[in-house]
Amino acid sequence: MHWHLEEISSQVAPGAHAVLFLDQAGWHTTKKLASQINRVFQSYDQIVALCCEAWNKLIDQPWTIMSIGHRKWAYEF
């Protein structure tokens with residue numbers, strides 16, 4: 001599992017995020033992996049709550065959203 005997580009990590013750009021869903025298999029829940037995983041969510045509800053919090057922070061910054069529309073690549077479509 002450690003090697004699997006290392007492989008996933010190698011494919012995620014710095015500053016980006018990856019989501020990995022794990023079941024309750026023993027090798028998914030071992031405390032030995034805790035140092036390898038940045039954040040482990042305890043439930044679906046916790047994920048939704050944190051996503052809502054992040055969304056609300058974003059919409060409180062309309063200039064951040066507007067800045068995306070001023071990028072050159074946004075006009076190439």
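Does Glu53 count as buried, partly exposed or exposed, and what is its relative accessibility? At 41% relative accessibility, Glu53 counts as partly exposed, where buried denotes under 20% relative accessible area, exposed over 50%, and partly exposed the range in between (1.4 Å probe, protein chains only). The structure is a predicted model, in which local features require a pLDDT of at least 70 and side-chain atom pairs count only at pLDDT 80 or more, while totals for chains, interfaces and linings use all residues. Residues are numbered from 1 along each chain as its sequence is written, and side-chain values use heavy atoms, with hydrogens and water left out.

The protein chain contains four helices and zero strands, the elements running α-α-α-α from the N terminus; helices (H or I, at least four residues) and strands (E, at least two) are DSSP runs numbered from the N terminus. The average pLDDT, the predictor's confidence in each residue on a scale from 0 to 100, is 78 for the protein chain, and 79% of the residues score at least 70. Confidence is lowest in helix α2 (residues 26-29), with a mean of 67, and highest in α3, with 89.

Of the 77 residues in the protein chain, 5% are buried.

A nonpolar patch on the surface is formed by Trp55, Leu58, Ile59 and Ile65, which together have about 370 Å² of accessible area. Patches comprise residues with over 30% relative accessible area and no salt bridge, like charges being joined within 9 Å and nonpolar side chains (Val, Leu, Ile, Met, Phe, Trp, Tyr) within 5 Å. Helix α3 (residues 44-59) gives the most to this patch, with three residues. Leu58 lies in helix α3 and is partly exposed, at 31% relative accessibility.

One salt bridge (a side-chain nitrogen of Lys or Arg within 4 Å of a carboxyl oxygen of Asp or Glu) was found in a search of the whole structure. It joins the side chains of Glu53 and Lys57, at 3.5 Å from N to O. Because Glu53 and Lys57 are four residues apart in helix α3, about one helical turn separates them.

Disulfides, defined as pairs of cysteine sulfur atoms within 2.5 Å, number zero. Cys51 is in no disulfide, the nearest cysteine sulfur being that of Cys52, 7.1 Å away. Cys52 is likewise in no disulfide and is partly exposed, with a relative accessible area of 41%.

Notes:
Areas by Shrake-Rupley, 256 points an atom, 1.4 Å probe, with all protein chains shown as cover.
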